[in-house]
Amino acid sequence: MARFERSIKIAFDKLSGEILKADEVFEKPKDAFAVRRQFHKNDVELYCCECEQKLNVSTSKYDRLHFKHQIGSDYCILKDGNLTPEQIEQFNNILYSKESPRHKELKQKIADRLYKTEGIITSSIAVDNKFIIKDGEKRRPDVYCKFHDKEIVFEIQLSDLSLRYILSRYEFYKKHEIYLVWILDNFDLHNQRQLERDIKYLSHYENFFKLDEGLEEFKLECDYKYPFLTDDNDLRTKWLKRSISLKELNFDKECYQVYYFNFALKKEKEEEYQKRVSDAIKKEKIEEEKKNRSRRADFKSQQIIQEIKTLKNRESQNFDLAFELISELDNYEIARFNEILDLEGRNKGEPALHQWISNATNDGLAFIRFLLNCTPIGFDVNETDQNGFTAFQKIILNNELHKTLPVKGLFQRNYQLTKEDEQIYRQWVNDNTECTNDWIIYTFCNRLKNRHLIDAVFRHYALLYIIESAKCREIIGFNYKKTEWIAFANNAIQHHQEHWEYIEIAFRHYGLWEVLIPLDKKGTFQKKVEKFYSLMPSQLFDFDSVFTDLYPELMD
């Protein structure tokens, strides 16, 4: 199914030279339609800030005004219907930042210095006014020039960029053999944002560049990672800085990135030298360290196991100390700890977890939760006992535990529901609506590819009921009759306004939108939609990861 084009949030008016923000221009209906009249009277001339193609002021059935590319326009990344609401917001913010005074200042400074640089073909220099058009795609770099026989573009980034935006630039220029130089401004080498990490790992050189504004000539401040060996033959890295000219840069013809210092090559040489130096003494040291390490690990493990036993037998169970002790273990110590604990090896017919669940009372629930939540403790939650019972079924069959089901920890450990789980659960709930809804949440958890999102599923369960209902064309998780679709839809837009963009995507993709309109005889749903678009409440994107994980088809 084709995806509809998302709203463009900013536009450039060539007549006034102003940047127009959709959220401000269309905030009040009266002002919004005044702008629309100006557009049709040719009093404003709107262009896309990304591709510089003309934009229309479009409206929808609910008088929702927005900027939109004209029919038949060429490719523009802002027309990509596969962008999530969060990504389209990021792209619009990037384009708006390109009009900031600081961004314009840096572009002009780079160009002014390039004119004075030996090897630059001055007639080639273009500042934000040259489109590079290749294979039906086009990009407008901040600064473009030719340096001897090489084409170079400079992209200035002052705000956060999505990885998708970075890759779209990188892959386009690489494909067409143009060298891309990212110019950063203020950033912390030792507390790098995702933006800096994404740019750094485009190549294995790990160089950052910014304009050296303290000089009249064109030079870049290059921060580069430098590997070195300590006196103890340990390989370390540190960041160094140097001001460099264009002729000091190296040009990589494979990835079409520039660099001053080759981190990967230097690191490889240091590692080779490190190996030659250390091989002679390593074996003896390793053997001695293994013995000492094993003794330390065994001692720590026995201490922790004894602490867990002590805490388990106390009336008020609080396993915070055990959590802390286990979290301080390194990988080797964790492995040794699990060997000594041997939860998977004891009592082969009855897994240890099953035994503890079977014998647990509500007073012992803290211990069960500790086992499930303390992920370094190794055991298989999908294991069955000699009678074929799963850990989930053991919880259900324990009359002391079934009212406070500690199942979230099972799913976080990648538990997979079985058909028998559902049968036993439904026998237990006996048509209890609240418990039936819990089962729906469990099925969401079971479908997750990324089990780190379990908490988000429990937090957004009502939103998931809505999207799943649209997908199945059956009202799920709410006390509405099967035919009460309008009441269901009214509830969705009334109580989930901050996530409405996700709900609307689902309604349209699964065809529920076309079902709702004929059923809306009194127009209650359409009025709520109209009111929503007139107010345009801020949207939250904390649902994005769960949304794309459980419903990947909505991103096609």
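This is a predicted model: local features need pLDDT of at least 70, side-chain atom pairs count only at pLDDT 80 or more; totals for chains, interfaces and linings use all residues.
User: Okay, and where is Glu474 found?
Analyst: Glu474 belongs to the loop between α17 (461-472) and α18 (485-495).

User: What is Glu474 in contact with, leaving aside neighbours within four places in sequence?
Analyst: Ser469 and Trp485 are its contacts once those neighbours are left aside. Trp485 comes 11 residues away from Glu474 along the chain, and their C-alpha atoms are separated by 9.0 Å.

User: Let's zoom out. How many helices and strands does the protein chain have?
Analyst: There are 22 helices and 16 strands. The chain has 556 residues, and 48% of them count as buried.

User: And how much of the contacts come from residues 24 or more positions apart?
Analyst: Taking the contacts with a separation of 6 or more, 63% are between residues 24 or more positions apart.

User: Pick a helix for me. Which residues of α11 are buried?
Analyst: Helix α11 covers residues 365-373, and its buried residues include Leu365, Phe367, Ile368, Phe370, Leu371 and Leu372.

User: What covers them?
Analyst: Among the elements covering the buried residues of α11 are α7, α8 (320-327), α10 (352-359) and α13 (408-412).

User: New topic: how many salt bridges are there?
Analyst: The count comes to 30 salt bridges. One of these joins Asp128 and Lys107, where the closest N and O atoms are 2.9 Å apart. Asp128 sits in the loop between β6 (120-127) and β7 (132-134), while Lys107 is in helix α4 (residues 101-114), so this pair ties together parts that are 21 residues apart in sequence.

User: Why does Lys107 count as buried?
Analyst: Lys107 counts as buried because its relative accessibility is 4%, and the cut-off for buried is under 20%.

User: Which other residue forms a salt bridge with Asp128?
Analyst: Arg140 does, with the closest N and O atoms 3.4 Å apart. This pair links distant parts of the chain, 12 residues apart: Arg140 is in the loop between β8 (137-139) and β9 (143-147), and Asp128 is in the loop between β6 and β7. Arg140 counts as buried too, at 11% relative accessibility.

User: What about Asp279 and Lys275, how do their side chains meet?
Analyst: They meet in a salt bridge, at 3.0 Å from N to O. Asp279 and Lys275 are both in helix α7 (residues 263-312), and being four residues apart means they are separated by about one helical turn. Asp279 counts as partly exposed, at 38% relative accessibility.

User: Which residues do salt bridges with shared partners join into one network?
Analyst: That network is made up of Arg102, Glu105, Lys109, Asp185 and Glu213.

User: What does the side chain of Asn207 reach?
Analyst: It reaches two backbone nitrogens: that of Tyr260 at 2.8 Å and that of Phe261 at 3.1 Å. Not counting residues up to four places away in sequence, Asn207 touches Cys222, Asp223, Tyr224, Tyr259, Tyr260 and Phe261.

User: Last one, Asn262. Where is Asn262 found?
Analyst: Asn262 is in the loop between β16 and α7, and at 18% relative accessibility Asn262 counts as buried. A polar atom of the Asn262 side chain lies 3.0 Å from the backbone nitrogen of Leu265.

User: And what does Asn262 touch, not counting residues up to four places away in sequence?
Analyst: His204 and Tyr205.

Definitions and conventions. Residues are numbered from 1 along each chain as its sequence is written. Side-chain values use heavy atoms; hydrogens and water are left out. A salt bridge is a side-chain nitrogen of Lys or Arg within 4 Å of a carboxyl oxygen of Asp or Glu. Helices (H or I, at least four residues) and strands (E, at least two) are DSSP runs, numbered from the N terminus. Buried means under 20% relative accessible area, exposed over 50%, partly exposed in between (1.4 Å probe, protein chains only). A polar contact is a pair of N or O atoms within 3.5 Å; within protein, one must be able to donate a hydrogen and the other to accept it, and residues adjacent in sequence count only if both atoms are side-chain atoms. Contact means heavy atoms within 4.5 Å.
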